[in-house]
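Dear colleague,

Please read them with the model open beside you.

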Amino acid sequence: MSDVLIDDQPLDLARVQAWARGPDRLRFADAVPARLAADRAVVAQTLQAGTPVYGLNTGLGGNIGYRLTEQETIAYQRQIIAGRMIGVGDPLPDEVSRTALLLRVCALARGRTGVSPQAASALLDLFNTGCAPVIPQWGSIGAGDLGLSAHLVAPIVGLGQVRLRGVTLDAAQALREAGLVEASLQAKDGLGLINASPVTAALGVVAVREAGRVLLVALAVAALCSEAYAANLTVFERRIAAARGSGEQVAVAGLLRAFLHGSPLRGQPPRSIQDAVSIRTPAQVFGAAFAVLRLLHDAVRAEVNGASDSPLVFADSGEMLSTPNFHTPMIAVAADALAVALVQLSAASMQRIIKLQTPHLSGLPRYLSPVGGASVGFNALQKTAAALHAQVRLHAAPAGLDAFPVSDTVEDHAPQTPLALHKLGESLRALRHLVAIEALVAAQGADLRQAGGLGQGAARVHAALRAVV
């Protein structure tokens with residue numbers, strides 16, 4: 001185990017995942033305490049001047065008109081957290097919770113939140129215990145994660161629950177077992193800890209990773225389908241892909257050529273000069289999906305590295321300014337778009353599954369049964385595949401089309417970003433099963449065709465599948 005220094009350095013999503021999953025301890029870099037102290041000086045000056053600042057000396061939401069007295073300010077910090085533990089539903093996976101905790105710690109280290117050094121250190125210590133705060137699934141509409149972030153940070157004041165080594169514990173008990181004491185919150189700490197979007201960002205980090213994995217496996221399986229179908233591989237030629245000039249299409253065509261390198265199909269006349277569209281167009285369809293995945297990746301990375309708090313502290317000018325940076329429509333739009341793109345992949349996968357089992361199209365035995373007769377072969381799996389495609393199609397309905405005005409109608413717009421990411425995850429889960437069925441069918445088709453071997457990449461996919469099936 002080694003110490004990882006946390007400062008204001010930009011984070012890529014791979015590093016976030018490694019830190020959230022790894023055994024290393026986090027430690028604030030030497031520059032962090034001074035950065036936090038400079039922000040706290042602005043908080044103290046603003047309080048002394050009596051300037052109204054949202055959440056510092058005013059109520060929140062519909063209570064913005066209420067001015068806190070000096071005596072109320074400290075007690076209000078814990079109240080902010082406790083009163084916004086509104087989440088319901090099943091807990092989010094521990095990986096999402098740990099990632100959200102990590103992202104909030106990193107955001108505090110970058111400054112501008114106005115959170116006291118003591119509160120920031122308490123959240124860092126909680127991460128280093130290995131705890132995963134228990135965060136319910138529902139409670140955020142994508143306009144900041146206050147209702148879920150409250151569950152995220154509540155354990156440092158002894159509220160809520162955590163999971164530690166697979167066991168759910170009351171937060172107060174977990175603190176005692178870890179040798180930690182409850183944090184004493186100062187002015188601005190309550191809102192400064194929760195008024196951001198770390199849970200949304202964490203869901204995005206996990207979604208980007210899972211989408212990348214599913215797309216790459218699905219593309220490899222599509223290449224194996226081309227072998228099993230004895231498809232015309234000229235459609236993946238560099239010249240054809242470059243003729244349109246779409247970067248993602250060109251890149252995917254290159255991957256397909258790599259998967260099919262060494263295929264005996266390249267040295268013989270094709271069965272057909274023009275195959276069905278689902279066989280011919282994986283470069284175009286996957287190219288579109290990878291393009292949208294990049295859009296989601298970039299939106300999540302911006303959130304991971306951005307300052308989405310409100311108000312933000314600007315130590316150089318001595319100001320505290322309310323911001324609308326808590327809103328996350330870019331992630332919501334990208335997640336919804338990727339869910340739509342997955343339907344394109346799913347529909348094409350369905351077509352390949354069916355066509356490989358249809359003798360007059362594939363030239364292979366009916367339902368890919370090596371014995372024929374009454375054998376059902378892979379035919380029955382077409383129903384499972386159709387059910388999975390329906391799931392992918394269902395989750396393509398956009399999440400962020402409307403919002404119900406809340407908090408005296410002040411909060412009258414919401415992107416519903418967590419919902420968009422949740423349903424994207426469900427879509428990926430269904431697509432993963434559908435691609436597994438396509439892999440079974442493709443491997444069987446390749447075995448029955450006995451065409452003298454496979455391309456290098458397709459052969460590796462086939463071997464990996466046959467090792468377990």
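The lining of the second largest pocket in this predicted model divides by class into 9 nonpolar, 3 polar and 7 charged residues. That pocket has a volume of about 390 Å³, and 19 residues line it, with P93, V206, H422, G425 and E426 lying nearest its centre. As for the elements behind this lining, β3 (88-91), α4 (94-110), α9 (198-229) and α17 (417-449) each supply at least two residues, and the largest share, 7 residues, is that of α17.

The largest pocket holds about 680 Å³ of space. It is lined by 27 residues, and those closest to its centre are Y54, G61, A143, L146 and E411. By class, this lining comprises 10 nonpolar, 13 polar and 4 charged residues.

Because 8 of the 8 residues of α6 (residues 146-153) are buried, the helix is largely enclosed by the rest of the structure.

The largest cavity has a volume of about 90 Å³, and of the 14 residues that line it, L103, A107, P198, E303 and S308 are the closest to its centre. Its lining draws at least two residues from each of α4, α9 and α13 (282-305), and α4 gives the largest share, with 4 residues. Sorted by class, the lining of the largest cavity has 7 nonpolar, 3 polar and 4 charged residues.

The second largest cavity has a volume of about 40 Å³, and its lining is made up of A218, F286, L345, S349, R352, L431, V435 and E438. The elements that contribute two or more residues to this lining are α14 (329-356) and α17, and by class the lining has 5 nonpolar, 1 polar and 2 charged residues. Helix α17 therefore deserves a look in both places, given that the elements with at least two residues in the lining of the second largest pocket include α17.

Finally, the cysteines: how many disulfides does a search of the whole structure find? The search returns 0 disulfides. C106 takes part in none, and the nearest cysteine sulfur to its own, that of C131, is 18 Å away.

With best wishes

Terms used: Residues are numbered from 1 along each chain as its sequence is written. This is a predicted model: local features need pLDDT of at least 70, side-chain atom pairs count only at pLDDT 80 or more; totals for chains, interfaces and linings use all residues. Side-chain values use heavy atoms; hydrogens and water are left out. A disulfide is a pair of cysteine sulfur atoms within 2.5 Å. On a 1 Å grid over the protein atoms alone, a cavity is a set of points where a 1.4 Å probe fits but cannot get out, and a pocket is an open set with protein on both sides within 12 Å along at least five of seven lines; lining residues have an atom within 4 Å of a point. Grid points are joined across faces, edges and corners, and a volume is the space filled by probe spheres set on the points. Ala, Val, Leu, Ile, Met, Phe, Trp, Tyr, Cys and Pro count as nonpolar, Asp, Glu, Lys and Arg as charged, and the others, Gly among them, as polar. Buried means under 20% relative accessible area, exposed over 50%, partly exposed in between (1.4 Å probe, protein chains only).
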